Amino acid sequence: MANIDWRRLSVLVVEDNRYMTALVSTIMRSAGVRDIRTAVNGALAFSLLKDRPVDVALVDQLMDVMDGVTFTRTVRTDPESPDAFLPIVLVSGCCESGMVRRAIDAGINDVVIKPVAPKTLLTHIARTLLVPRPYVKTTSFFGPNRRRPAATPYNGSNRRND
Amino acid sequence: MLSSWDESLSVGVTSIDADHKLLFHLLDDLQGALRDNEDSSVVGSVLNGLVAYTGYHFAREERIMEVCGYPELAQHRGLHEGIRARIATESKAYHANPLEFDSHALAVFIRDWLVGHVLGQDTKIKPYVTANFEAVAAIGGMPLVDLDDIENDAMNEDWQWPI
C-alpha cells in the first residue's frame, strides 16, 4: 500500500523544453497525479505558486528570466513566498558540481540529472516527501539540512550500552 | 502504414488502448526531439520514457491475457521479450554514445514495430476481453508504475548528492 496519496498530489513542473514538460507530466500522470501545473520559467512559477500552492515542484535549471536555483532561493527567502518549505526537486541537464553546490546552498531538496528515467524521478520525489530533512535557518541559509541523512537506520552495536 | 493511434488499433480495453496511445505520444516526442536537434539530455529522457513505459505496458497486457485465458499468451510473451530486449539494447547503445547513434532509425523501427504488433497481435485478444469484466477488473487497479516498489526504494536506498 503506497504511503503517498499520489492521486491527491499537486505538482508544479517548471521547464522551458516542451518535450521535457510533456515527459515529466506523463511520468506524473502514470503515478496517478492529476493536478499538474506547468510554467516555462521560475518567475512564472513563483506567481503561479502565489495563486495556489502545490505539494512539490520539479524545476529545470537553465531557463530564461529566472533559473531553477534562483527560483529555489526565491521560494525559500522572498518575503512574498507563499510556502518557504515547498519541496523542490531540481531536474537538471547539467551535473557540474558547482551548479549542484549552488542548488544545495539555495535550499533545494533533491537533484535529478537528465536524462531522467521515470522510476528514478518518481523515487527522488517519493524520497523527498517520505524522508524529509529538517529545515535549518542560519544568517545566510534557509532550507533543508544540507547534510544527506543515511536512508537506512544504523543497526550496528551501540558502544555506549556495552 | 499507420503513423498514429486510431480506432483500428483498439483492443477493446480502455486502459490497454490508453497505454498504446501513450507509447505513440512518446514516439512522436522522440521523433520531434530528434527533428528539433534537442540535446542528449532531452532525447535520452524521452527514450528512457519509451523504454520504461513499453515494459510497464507489457506487464499489464500480459496480466489481462493471463486472466482471460488467451491461448497465445506464451507466444505473445516471447514477442514482448524480443522487443523489450531489442529496445533495451538500443537504448544502452544510445546512452553509451548519443552522438554516433542512429536515433532516427531506432524511432522508425519502434513505430513499425508498434503499429505492426498492435494491429497484428494485440487486437487478437479482442474476442477474449470483450464483456470479460473479470479480466478488465484485473488490470483496472493496476497502476502503470509500481508505486509500492518506488516508495520502498525511496525509503531504503542510501544515496548522496550527485557531486
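I began with contacts in chain B, where residues 24 or more positions apart account for 74% of the contacts with a separation of 6 or more; two residues are in contact if their C-beta atoms, placed from the backbone, lie within 7 Å.

I noted that this is a predicted model, in which local features need pLDDT of at least 70 and side-chain atom pairs count only at pLDDT 80 or more, while totals for chains, interfaces and linings use all residues. Residues are numbered from 1 along each chain as its sequence is written, and chains are lettered from A and ligands numbered from 1 in the order in which they are written.

**Chain B overall.** I looked up the secondary structure and found seven helices and zero strands in chain B, where helices (H or I, at least four residues) and strands (E, at least two) are DSSP runs numbered from the N terminus. I then read the C-alpha trace of chain B along its principal axes, where it spans about 50 × 45 × 25 Å. Of the 163 residues in chain B, 31% are buried; a residue is buried if 20 or more other C-beta atoms lie within 10 Å of its own, exposed if 12 or fewer, and partly exposed in between.

**A helix pair.** I looked at helix α1 (residues 14-35) and helix α4 (residues 103-120) of chain B, which pack at an angle of about 160° with their axes 10 Å apart. The axes are lines fitted to C-alpha atoms, for helices over the stretch in contact, and angles run from 0 to 180 degrees between N-to-C directions. That angle makes α1(B) roughly antiparallel to α4(B), a label for angles over 145 degrees, with those under 35 roughly parallel, 65 to 115 roughly perpendicular and the rest oblique. Among the residues that make the contact, I found B:L23 and B:F24 of α1(B) and B:I110 and B:L114 of α4(B).

**Between the chains.** I finished with the contact that takes 38 residues from chain A and 31 residues from chain B. On the side of chain A that touches chain B, α1 (18-30), α4 (97-106), β5 (110-113) and α5 (118-130) each supply at least two residues.
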